Amino acid sequence: MEKSDANAQILRKARAKFIPERASDLGVEGYDDQVADLEPQVYERWIAALGTAQDELKTRFEKTTDAAVKQDLEIMLGNIQRTMDTDKLEHEMLLPYLSVERHAFNGIRVLLDPRISTERQAFAVARLRRYAALEPGSMPMTAVSCARAE
């Protein structure tokens, strides 16, 4: 179980860098004050990060002899490939769209869930400040989202 958890952590970290709100929703700590990456060339960086995770998991798949761990790795590798295939089609065929208000609402909601520790709930303020560009180096989510669609 520990090996599978360590393998899954590779994929979790790759995803959390781009969609920290989802990581918070899944209980992954360390990303609660961060917001989704909507900067230019996010698709290219996202695919590169998934490719790096895929390469690492393939290497681990080839080295492992534990059947259960191999099965878990097959599932993760299949998930990565499906994600990359789907995202490629979406990137090529759809206009980039983000429901900013829904994204911000859900990003705050996951941190204010009563099941979340009060220490983690405190990060809701920092996340909201990032959405509104009140933190140094952050841009308004609405402006970044609009720029993606241009």
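The largest nonpolar core in this predicted model has 19 residues, and Leu50, Leu57, Met76 and Ile80 touch the most other members. Helix 1, residues 2–18, helix 3, residues 42–63, and helix 4, residues 67–93, each supply at least two residues of this core. Helix 3 gives the largest share, 8 residues.

Leaving aside residues up to four places away in sequence, isoleucine 80 touches Leu11, Leu50, Ala53, Gln54 and Leu57. Apart from this core lies another, of 11 residues, among them Leu38, Leu98, Val110 and Leu111. As a general remark, nonpolar side chains in soluble globular proteins tend to be buried together.

Methionine 93 sits in helix 4. Is methionine 93 buried or exposed? The relative accessible area of methionine 93 is 65%, and the cut-off for exposed is over 50%, so methionine 93 counts as exposed.

Now helix 7, residues 123–131. Its buried residues are Ala124, Arg127 and Tyr131. Viewed down the axis of helix 7, these buried residues fall within an arc of 65 degrees, so they line one face of the helix.

What covers the buried residues of helix 7? The cover includes helix 2 (20–25), helix 5 (100–112), helix 6 (118–121) and helix 8 (141–149). Just after helix 7, alanine 133 has a positive phi, about 65 degrees.

Terms used. Residues numbered from 1 in each chain as written. Predicted model: local features only at pLDDT ≥ 70, side-chain atom pairs only at ≥ 80, totals over all residues. Heavy atoms only, no water. Buried < 20%, exposed > 50% of the residue type's maximum accessible area, 1.4 Å probe, protein only. Helix = DSSP H or I, 4+ residues; strand = E, 2+ residues; numbered from the N terminus. Arc of directions from axis to C-beta. Contact = heavy atoms within 4.5 Å. Core = buried A, V, L, I, M, F, W, Y, C linked by side-chain atoms within 4.5 Å.
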